[in-house]
Each structure stands twice: as C-alpha cells, then as structure tokens.
Amino acid sequence: MAIFSAVVLSMPIWMSPFGAAYPDILQKFVIFGVFAIGYNILFGLTGYLSFGHAAFLGVGSYTAVWSFKLLSMNIIPAILLSVLMSGIFAVAMGYIALRRSGIYFSILTLAFAQMCYNLAYSVLTPITNGETGLQLAKSDPRIIDRLFSEAGEGLPSTTLFGIETSGYSGFYISAVIMILAFYVSLKIFNSSFGLKLKAIKSNQNRMRYLGFNTKPYLLTAFVISGMYAGLAGGLLAATDPLAGAERMQWTASGEVILMTILGGVGTLFGPLLGVIIIKYFENIFSAVNQVDLHSFYALLPDWLEDIMVAVSSMFVGEGWHLTLGLLFMFVVAFLPKGVLQGVEIGYKKISSYFSKSPTKSTKKADTGANHGE
Amino acid sequence: MLFNLMDAILLQLLNGLDKGGAYALIALGLTLAFGTLGIVNFAHGALFMLGAFCAVTFNKLLTVSKSVKDESITFFDAYKEVPYLEIWWGDTGTAIIDYAVPLSILFAVPVMLLVGWALERGFIQYFYKRDHASQILFTFGMAIVIQEIIRHIFGANPIPTPAPDVVSGSANIGQYFGLGDNVVYPWWRLIYLGFSLCVISAVFAFLKFTTFGMVVRAGIQNREMVGMLGINIERRFTIVFSLSAVVAGVAGVMYAPIVPPDFHLGMDFLVLTFVVVVVGGMGSLPGAVAAGFLLGILQSFASMNEVKEIIPGIDQIIIYLVAVVVLLVRPRGLMGVKGVFEN
Amino acid sequence: MASKAVLQVSNVLKTFGGLKALNNLNLTIEEGTVHAIIGPNGAGKSTLLNVCIGQLTPDTGSVEFDGQNITGKSPHQISQQGISRVFQTPQIFEDLNIFQNVMIPALAQADGEFTFNPFKGLDQRKDVEQEALRIIDEMNLTSQMYDRAGAMSRGNKRRLELAMCLVQKPKLLLLDEPTAGMARADTNQTIEILKKIKASGMTKVIIEHDMNVVFSLADRVSVLAQGTIIAEGTPQEMRESELVKEAYLGGATI
C-alpha cells in the first residue's frame with residue numbers, strides 16, 4: 001500500500017519521460033482511476049455488466065458544480081454531495097435493474113442511462129443547462145462562502161481550504177483521494193464480503209441455496225461502484241468546474257468498461273493500468289497530426305511515406321476512436337482477462353522456455369556424446 | 001376542435017408507424033441473430049448505418065461528373081458539373097440519378113450480404129461459445145470501428161440523400177379520410193412504411209415456407225438440437241447473419257432520405273432497437289415487430305404537445321420507461337419465448 | 001416412542017402445464033433417520049426436492065420443516081433454517097478454489113443471509129476458517145485445497161459439494177443421486193463417507209437409483225411413482241414388495 005501510494009504520488013516524476021507529466025493528463029489518470037476502480041467492484045467481482053455508470057459520473061459532476069454555485073467553492077462539500085447524490089441514484093437504478101440479470105440487466109442499465117442523458121438534454125435544462133453545460137457564474141449565491149467573505153472580483157476558483165484545486169495541486173488532491181479509494185477497494189476484495197461477491201459471479205443459484213440473500217449483496221456492490229463513479233464525477237468538476245451531459249452518454253460507460261477489461265477485470269491493479277494505457281494513448285494519438293506523421297516517416301521513400309501517412313492518419317487525431325475500437329475488439333477476443341493476463345502468459349512462456357532449454361541442451365549433449373562414441 | 005385532434009392523432013399514428021417500421025426492421029435482424037446464433041450484436045446499428053451509406057455511395061457513384069462548359073452563360077467561360085450518366089444517356093440518365101435511393105437497394109443487398117458474410121466468418125463465429133458480456137463488448141468495439149471508418153471516408157456531417165422527385169412531396173392524406181386538408185404527410189415516409197411491411201412479410205414468409213426457414217425457427221426453439229441433427233449449422237449461421245445484415249442494410253438505405261445519414265446514426269438506433277427487442281421478448285420475431293411498431297407509436301404520441309404539457313419530457317424517455325416496466329412486469333417481454341436467454 | 005418429524009410434506013400438488021409432477025404427495029421424514037426415495041425416472045423425485053428447498057412453490061399443499069411452515073419461502077431462508085442439498089450435477093463455485101468453496105457456506109452460518117462488512121478481512125475470520133479446514137480435511141481434499149474447483153474430477157466435485165453442505169451443519173441434508181455416474185471405487189468411498197455422517201445422527205433424504213447404496217444406508221424407503229408415494233417401509237419390506245416391483249418394471253397404475 002505504501003509502495004502503491006509512493007508510485008501514484010511520484011507520477012509527475014516517472015511519467016515525465018513519457019511526456020505525460022503535465023497536470024491535465026495526470027488528473028485524468030487518477031480521476032478515471034477512481035471511476036475504473038469502482039466499476040471493477042461491480043463488474044469484476046459480481047460479473048454484472050452495467051452500461052449505466054456514465055450516468056453516475058454525470059450526476060456527480062452536476063452535483064459538484066451545483067455545490068460550487070450554491071454552497072461553497074470548497075471541494076469538500078461538493079465531493080461529499082456528489083458521492084451522496086450518485087449513491088441515491090444508484091440505489092434507485094440498482095433496485096430496479098438488479099431484479100434481472102445477464103443481458104437484461106445490461107439493457108436495463110443502458111435504458112436508465114439513456115433516460116438520464118435525454119432528460120439532461122431536454123426537460124432538465126434548468127438544472128443541467130442543456131448542451132452548453134453547467135458553468136459557474138459570478139452571480140451564484142455560494143451561501144457558505146458568503147458567510148466568511150464578500151464576493152470577489154471575477155469568477156472564484158475551486159479550492160480545498162484555500163489550496164487551488166487545478167494544476168498540480170489538483171492532481172495531488174485527486175491522487176490522495178484515489179489512493180484512499182483504492183485502499184477501500186483492496187479491503188473489499190480481501191474481505192468475506194468480496195469473496196461472497198465473487199461467489200455470486202461464479203454461481204448465484206448456489207449462493208441462494210447456501211442461505212445467502214444475493215439481492216442486497218448485489219445492490220450494495222452496485223451502489224458502492226455508483227458512488228465511486230459519482231466521486232470521479234465530483235473530482236472532474238473539482239478540477240475543472242463545468243459539467244456537460246455528454247459525460248452521461250452510454251458510450252462513456254463503454255469507455256470505462258474498456259479500461260477495466262483492458263487492464264484485467266477482477267484484478268486489483270488492472271483497471272488502473274487500463275486507465276493509464278487508454279488515457280495516455282488517447283492523449284498521444286489524438287494530438288498527432290499530418291505534419292507529425294510526415295516527420296515520423298521522413299526516412300522512408302516519398303511514395304511509401306505518403307501511403308504510410310495516409311494509413312496511419314486513420315488511426316490518429318480524430319481517428320483515435322478507430323484505434324480504440326480495434327483495441328476493444330483485440331482485447332475482448334484475445335485477452336479477455338486483460339493485459340495483466342497477457343503479461344502473465346508471456347512471462348510463463350518465457351520462463352518455461354528458459355526452464356526447458358537446459359534440459360534440451362543436456363539432451364543434445366547426450367546425443368552428441370553418443371555420436372562421439 | 002374535435003377534427004383538429006383527430007388530425008393530430010392520425011398524423012402521429014402515421015409518424016409512429018413510420019418510426020416503428022424502422023425499429024421493427026432493425027429489431028427483426030437483431031432478433032434473428034439472437035435467436036438462432038445466440039449472438040448479442042451491438043454492431044447491428046452500425047449495419048443499419050452502413051445501409052444508409054450504401055445509398056449515399058450509390059448516389060455519389062451515379063453522380064460522378066465532368067466539368068462542361070456552361071453554354072447558358074455567355075459573358076465569360078463558365079463551367080458546370082454534369083454527371084456522366086446525363087452526358088451519356090440524356091434524360092434516361094437524369095431519371096436514373098433521380099431514382100438513386102430505391103435503385104441503391106440493388107447495390108446494398110450484395111454489399112450487405114458480403115459485409116455480413118465477412119463479419120460472421122471473420123469474427124462472429126468465434127464468439128458463439130463465449131459469454132454474452134464478451135459478445136456485447138466485442139461487437140461494441142466492432143460498431144465503433146465501422147462507425148469510425150465511415151466517418152473517415154464520409155466525414156462527420158450528415159449527407160442529404162434526396163428521394164426521387166415524384167415522391168419528394170407530401171400526400172394529402174386528410175382528403176382520403178375526409179378530414180380536410182390539414183393532414184399532409186411526406187410520400188416517402190408512406191413508402192417507407194409500405195416498404196418495411198413488405199420486407200417484414202418477406203422475412204416471415206421466408207422463415208415460414210422454406211426448409212431453410214424451418215431450420216432457423218427450430219434453431220430459435222432449441223439450438224443444440226438442430227446442431228445434433230447433423231444439419232450443417234455453420235453455413236446456415238453464416239447465412240442467417242448475412243440475412244440479418246441485409247435486413248438492417250435495406251432498412252438503412254430507405255431511411256437515408258428521411259434523416260440525412262451521418263456516422264452516428266447507428267449508435268442512435270442501436271440502443272432504441274435493443275430496447276425494442278427486449279420489450280418484444282428476446283428471440284421472438286413477431287414480438288420484435290409488434291414491439292417496434294408499438295414503441296414507435298407510443299413515442300410519436302408522447303411527443304404531441306398535448307401530452308408533453310401534462311408530463312414534460314415524456315417524449316424523451318417513454319421508450320425506456322416502457323422497457324423498464326415491461327421487463328419488471330413481464331420478464332420475458334411481450335411475446336418472449338420460454339427458455340431463450342434465461343439462466 | 002415416536003420420534004419427531006423433521007420434514008412434513010402434506011398434500012403437495014405441483015403441475016407443469018397439464019402434467020402432475022407431484023400429485024397430492026404426503027411424506028414424513030423422522031429425525032435422525034436416513035430416508036431413501038426411490039422410483040422410476042420422471043416419478044417426481046427431483047421436483048420433490050425442488051419443492052423442499054424452495055426452488056419451486058407447490059400449487060397446493062404445504063411443507064413443514066422443524067415445526068415451521070416453509071411453503072413459499074425463498075431458497076436462502078430455507079437454507080438458513082437448516083436444509084442443505086447436494087445436487088445431481090454438482091453445484092459448486094467453479095471459478096474459486098476449494099478452500100474458498102467451503103469458506104462460503106461456513107460464512108453463511110456465521111453471517112446469516114446478509115452482512116455488510118467490507119472491511120473485515122478474511123484473515124480475521126479464523127473461527128470460520130477452522131471449521132472449513134476441518135471439513136476439507138474430513139473429505140480428504142486438503143492436498144488440493146488451492147486448486148480451482150472447476151478443474152477437478154466429477155467425483156471430487158461431488159465430494160466438495162458434500163463438504164460445502166456439511167460445513168453448514170444442516171438439520172436436514174438432501175442428497176440427489178450422490179453416486180450417479182461414479183466409478184465403483186468412488187461410489188464405495190462415498191458410501192463410506194455417508195455412513196460416517198449417518199453415525200453423526202444428521203437427518204438425510206437420499207434419492208438414489210443404486211439399490212446397493214439404498215440398502216446399505218437407508219433406515220426407511222419411500223417409493224415414488226407418478227407423483228405420489230405408493231409404498232413406504234424398511235428396506236427389507238420394500239425389497240419384497242410386489243407393488244414396488246410393478247412400479248419399476250411396468251407402468252404403475254394406482
């Protein structure tokens with residue numbers, strides 16, 4: 001745990017050789033890390049595939065921004081409220097959706113998320129501000145802040161008791177929260193509660209016949225993971241105080257699913273790894289343009305250069321989503337348990353190669369000796 | 001007042017049937033893949049979108065043009081683009097271009113067959129034995145890929161694809177029903193409704209009256225059994241998947257004049273049609289069709305101002321709401337087949 | 001000295017479509033006995049067990065367990081009251097290892113049907129662990145304790161499932177063909193284990209086709225045909241009953 005914290009907190013240092021040491025992407029790593037850790041508690045432990053978690057992320061963001069508008073620019077109430085609010089949403093959604101399992105559950109959560117998304121764009125515009133997205137305004141009341149100080153000039157920024165929550169400090173605050181979130185998930189994984197969830201995934205009927213009421217277990221897992229999503233949404237708003245409905249679209253749920261399975265569903269570190277891989281490459285790939293490509297292939301002959309640029313340009317910049325889709329297909333097809341599993345298989349192959357090779361060579365030596373005779 | 005209401009209801013009914021036609025067609029293909037292959041195909045919406053882009057492509061192919069000096073402008077040398085077809089065949093050429101969308105069905109059917117075949121042989125066949133979650137995720141990735149390729153080729157903007165001139169106007173339906181001149185409805189949408197009914201009947205006839213269809217229906221009832229009878233199940237699976245791709249494709253072709261297709265069209269329809277399938281009952285073909293029309297009509301009526309005044313926002317969520325209620329009250333959907341997709 | 005009835009099935013009717021799977025069935029299982037239920041295929045044996053554990057609700061009639069009416073209760077409630085079942089095809093947690101497989105029912109005893117304690121690590125459940133380890137040892141599974149359950153042989157899966165049921169210390173254990181599809185040696189081993197449990201005085205209901213097993217274990221035998229009990233008695237009586245032979249050999253018409 002201590003090592004893990006050290007690794008996370010030192011990310012600005014060891015990420016710099018990769019060109020990812022600036023606060024914006026580091027924040028994304030840790031915030032989506034929270035999201036994926038939470039998603040993993042549901043999907044990884046119970047096997048219930050939810051397409052509705054983006055809705056909680058959105059609810060968290062909206063709640064946090066409203067807290068900035070109405071209560072205080074301090075992120076503490078904002079984050080607490082966003083976790084609470086998404087928790088309430090998760091109870092409502094989970095209570096209904098968990099009456100069914102398998103693909104029906106997936107579609108129910110999908111339907112719920114789409115409802116939230118559509119409503120956010122239509123009748124709920126007074127709350128969500130529709131397509132423009134919810135933003136801070138000078139005229140917001142901010143009741144708690146007003147108790148202590150007069151409204152200042154210009155838009156205030158989000159703080160944690162005076163510490164700015166954008167930039168590096170924003171990263172450190174989010175990182176600490178993520179470490180806590182990770183610690184909680186670690187505890188859940190190692191608890192009897194976690195074991196029961198894994199058993200539900202393996203054979204839910206058996207669980208019932210052994211005397212467990214599986215509904216509350218599933219609902220608890222669903223709500224916990226919904227609250228994680230809300231926490232992530234709150235953090236997104238805390239580091240950049242605006243919220244838009246596009247965060248709630250079901251394809252955004254697809255992204256967190258991809259992160260989780262890419263790293264390894266049901267493993268502790270997998271989801272984090274998945275987040276880093278995806279957010280890192282998203283950052284790199286979507287920033288690349290034609291000029292970069294031309295310089296990259298500059299050594300090739302011109303005609304080949306042009307072909308290579310044309311082909312690669314499909315996958316970068318705007319085409320990042322294409323790469324993402326291909327990655328999705330590849331991972332599901334060949335590494336259903338994620339990159340960590342891939343590494344493990346590779347490691348096993350290599351180690352078995354090394355452990356076998358001495359016996360092979362002795363055999364060879366034997367035959368060689370026989371020949372000699 | 002009474003007549004106004006009647007008008008509105010008739011109009012919404014048509015609207016609903018129309019939308020329902022599209023839902024039903026897509027849901028039909030989805031259910032075919034579900035029921036026979038056991039595949040949860042999240043790329044089905046992308047196939048519908050691909051169909052719409054077949055129309056776009058065909059339209060573009062027909063209107064490949066040559067720069068010709070514009071004789072009508074005499075002050076300076078002006079050039080205009082004239083399609084080759086027009087140059088070669090004159091008025092016949094223009095007529096062909098005018099009928100690009102209906103004609104592109106002829107183009108779309110082989111293309112979609114090929115796409116369906118390629119996807120099934122290339123990917124889907126390896127997922128029959130995997131769990132539904134993997135299928136969903138894999139086809140979801142596939143949908144993204146198809147969608148992004150289309151965006152790469154055609155750009156992100158919707159591409160208007162006009163219907164033939166003759167039917168681009170509106171029909172004065174009200175007159176036929178003696179309701180006055182207030183009910184006008186676009187001809188093309190009426191055609192779409194008729195078309196979807198034809199395709200649906202064709203699919204049902206195919207399943208009902210051919211031996212192949214019988215095997216498919218038997219497959220929906222009991223997949224293992226059909227496999228055990230020694231029927232070459234693999235080839236049939238390929239055909240069924242291609243068939244579902246073709247149904248989605250032609251639905252997309254004809255839809256192009258209604259909503260100018262963009263790369264995102266598939267995803268928009270996907271979620272809706274999944275809901276349709278679930279409401280109809282997983283694996284039930286009549287259920288899929290009935291639920292398609294039902295939800296289309298419900299959605300239309302929910303978007304009437306009179307309804308929206310009572311329950312704001314209902315038009316946005318009605319379909320999902322219905323799905324939630326149906327799933328909770330009738331877990332198997334309206335016409336669900338017992339034992340399909342149950343654990 | 002009449003002993004106490006643990007399970008009392010009264011006038012239970014269960015139909016599937018037009019088929020009467022259980023037709024006004026009455027059955028009493030007395031405490032401490034091993035009660036075998038035999039009958040031809042399709043007689044309703046498995047349906048009877050399903051009704052007893054709450055997987056199916058009877059159309060009419062009632063099931064009483066330990067003096068309480070359990071008709072219509074959900075499987076987990078019935079299990080918590082003390083009925084465990086070994087299934088015909090082993091129902092185990094294939095993805096977990098053997099130790100975990102046994103830990104879970106042990107936890108069901110300790111935690112009840114739902115406990116939310118996500119911060120209490122498994123290493124803090126020594127008492128539960130002791131119990132699980134003891135049963136694993138009793139079943140001779142210690143050497144494979146950390147193997148994935150799904151990878152085991154069918155015989156071992158059955159033994160594991162038996163272990164999972166025993167760790168719950170049920171008042172009533174239902175065994176659905178515990179030796180079906182087993183090799184001779186495995187069958188004998190299972191009989192030995194079941195004899196050992198018999199000595200502990202736990203009430204058991206066994207559905208079995210193998211008459212050797214029935215006669216070496218059972219105190220009482222009921223014969224089920226077409227959804228009703230057509231005969232009941234000691235194994236010896238059943239062996240000699242004409243009615244039973246008829247039920248097994250020709251279509252029984254009662």
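From which domains of chain C does the lining of the second largest cavity draw at least three residues each? They are domain 1 (1-82 + 172-254) and domain 2 (93-169) of chain C, with bounds that come from an automatic or database domain assignment. This is a predicted model, in which local features need pLDDT of at least 70, side-chain atom pairs count only at pLDDT 80 or more, and totals for chains, interfaces and linings use all residues. Residues are numbered from 1 along each chain as its sequence is written, chains are lettered from A and ligands numbered from 1 in the order in which they are written, and side-chain values use heavy atoms, with hydrogens and water left out.

**Cavities**

- The structure holds 5 cavities of 30 Å³ or more; a cavity is a set of points on a 1 Å grid over the protein atoms alone where a 1.4 Å probe fits but cannot get out.
- The second largest cavity has a volume of about 60 Å³, a volume being the space filled by probe spheres set on the grid points, which are joined across faces, edges and corners.
- Its lining residues (those with an atom within 4 Å of a point) include Val86(C), Arg158(C), Leu162(C), Met182(C) and Ile193(C).
- The lining of this cavity divides into 6 nonpolar, 1 polar and 2 charged residues; Ala, Val, Leu, Ile, Met, Phe, Trp, Tyr, Cys and Pro count as nonpolar, Asp, Glu, Lys and Arg as charged, and the others, Gly among them, as polar.
- The largest share of this lining, 3 residues, comes from α5(C); helices (H or I, at least four residues) and strands (E, at least two) are DSSP runs numbered from the N terminus.

**Second largest pocket**

- By class, the pocket lining has 14 nonpolar, 11 polar and 11 charged residues.

**Interface of chains A and C**

- Contact (heavy atoms within 4.5 Å) links 25 residues of chain A with 38 residues of chain C.
- The two chains bury about 2700 Å² between them, 64% of it on carbon and sulfur atoms; buried area is the accessible area (1.4 Å probe) that two parts lose on being put together, summed over both.
- There are 2 salt bridges between chain A and chain C, each a side-chain nitrogen of Lys or Arg within 4 Å of a carboxyl oxygen of Asp or Glu.
- Lys196(A) forms a salt bridge with Asp111(C), with the closest N and O atoms 2.6 Å apart.

Conventions:
On a 1 Å grid over the protein atoms alone, a cavity is a set of points where a 1.4 Å probe fits but cannot get out, and a pocket is an open set with protein on both sides within 12 Å along at least five of seven lines; lining residues have an atom within 4 Å of a point.
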